[in-house]
Every structure is written in structure tokens, then in C-alpha cells.
Amino acid sequence: MSNLLETIARVRREVCELHAELTRYELVVWTAGNVSARVTGHDLMVIKPSGVSYADLTPESMVVTDLHGIPAGGEWGNPPFSPSSDTAAHAYVYRHMPEVGGVVHTHSTYATAWAARGEAIPCVLTMMSDEFGGSIPVGPFALIGDDSIGQGIVETLRNSTSPAVLMQNHGPFTIGKDARSAVKAAVMCEEVARTVHISRQLGEPLPIDQASIESLYARYQNVYGQ
């Protein structure tokens, strides 16, 4: 149990700190948006509490739930807060995509504008080839309150190289091997959404051929960096 307590304390700190990245990159306003992380080796996740200001978030205020979104009892002590209204969606992703260790949701301006049109962001930038392996797809319209959004995320991303999906009329959700990777995907999703939007105001963006997309993606994922 002591190892689990230490793990949950670590994940709570990480999830709390990563919420500061959402405000740093101006991906959220007020209390909208959330980050969650899987507690590896256990059927648990950690997510932001609902309706709590980003400035007031602490590691201890992060809510531990099971993978059905139900707050979990344990020695770690859950706060007197309800988990995020998007918890059911996050939990569904963790149940059905075991490779996913982190999920992020924002209403970042440009990505959400594409979602409002129900339009995928076309792969017209080498950065998109690197990060997403192609276009950023659109997921189906779904109401908040149950796991319908999670179903749409999984259906859209299960066979996609993209770690981001634009849920129609809602906004972007991103996944990653861990929570930090999912946050990075959210940052990059907004960046390319903005750039491609601006490009379309100037004219028609030039597509990148599929072979080049695949080559760029393979290089970035397997060679780039340390």
C-alpha cells in the first residue's frame, strides 16, 4: 500500500503541475479544460476537480477515481470535490486504450474553431507530419454527462497516428503515453490549428504527399531528439 500511496502522490503532483501548462500556453479560460493521468498498474486515474480555479489547484485537490470515473476510497484521502465533468470521457479512453497514460481536454480557440465547423485540420505543415502523422481528425458530436464523448475519442483515434481529435462542436481532446505527452499534443494541436487557419486566409495551403508525411513522422518519432 505504501508504494501505491507514493505513486498516487507523485501522479497528483504531476497532474497539478501540468494544469499550469494549459494556462501558460493560453489553452483554457476560467475553469474549463482538464488533465488526467493513469495510475500505472492500478485501475485508477487522477483528474482535476470540477469548477475549481486553476490558481487554487493543489496536488491534494486532484481527485482519484476508478476507471469508470467513480471517486475511489483509500488511504490517500480524496478531497471534498467532484471530479471534472469530463471524467467519464477520460475513464472510457483509459478502459479501451491501455497504451494511453494521459488525456487532456481544452477549448483552445483555433482548434475549437475547426471543431465548430466539423472540419479536420489538413496536413500542410511538416510540424503536423512530425507530431500527428497526418491530418487532425474530427470526432462525432456527443453530449457531456456520460461516456459518449469517450466513445467518440476512441472510435476516432484507435486506428489513427494522431494523438489529437477535434470533437465536433466541442473542442480538442488529446492522448499520450503519459500526461505530459498529452499536454504537448494539446499545445501543438492549437499551434497548427492557428497556423493553418491563417494560411487559409492568405490562399490555399499546399498539401504534403503521403510518402513525405510518413517519412517525416517516422524520423521525428524514432530519430529526433535525445
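1. Let's start at Arg13, which is found in helix 1 (residues 2-24). Helices here are DSSP runs of H or I with at least four residues, strands are E runs of at least two, and both are numbered from the N terminus. Arg13 counts as partly exposed because its relative accessibility is 42%; buried means under 20% relative accessible area, exposed over 50%, and partly exposed in between (1.4 Å probe, protein chains only).

2. A word on what you're looking at: this is a predicted model, where local features need pLDDT of at least 70, side-chain atom pairs count only at pLDDT 80 or more, and totals for chains, interfaces and linings use all residues. Residues are numbered from 1 along each chain as its sequence is written, and side-chain values use heavy atoms, with hydrogens and water left out.

3. Seven strands make up an open, mixed sheet, ordered 3-2-1-4-7-6-5. Strand 3 (63-66) and strand 5 (138-139) are its edges, each pairing on one side only. Two strands pair if DSSP finds at least two bridges between them.

4. Strand 1 (residues 34-39) and strand 2 (residues 44-47) are antiparallel partners, with four bridges. Ala37 sits opposite Val46 of strand 2.

5. Back to helix 1: it lies across strands 1, 2, 3 and 4 (102-105), at about 155° to strand 1. Contact means heavy atoms within 4.5 Å. Axes are lines fitted to C-alpha atoms, for helices over the stretch in contact, and angles run from 0 to 180 degrees between N-to-C directions.

6. At the other end of the sheet order, strand 5 and strand 6 run parallel, joined by two bridges. Val138 has Leu166 of strand 6 as its bridge partner. The chain gets from strand 5 to strand 6 through helix 5, in a right-handed β-α-β crossover; that means the path from the first strand over the helix to the second runs clockwise with the strands pointing away from the viewer.

7. Strand 6 is covered on both faces: Ala164 and Leu166 are buried on one side, Val165 and Met167 on the other. In a regular strand, side chains alternate between the two faces of the sheet.

8. Strand 6 also runs antiparallel to strand 7 (residues 171-176), with four bridges, and Ala164 has Thr174 as its partner there. These two strands form a hairpin with three residues between them, and Asn169 in the turn has a positive phi of about 65°.

9. Finally, have a look at Ser162, in the loop between helix 5 (148-157) and strand 6 (164-167). Ser162 counts as buried because its relative accessible area is 3%. Its neighbours in contact include Phe132, Ile136 and Leu157.

Conventions
Lists of a residue's contacts leave out its neighbours within four places in sequence.
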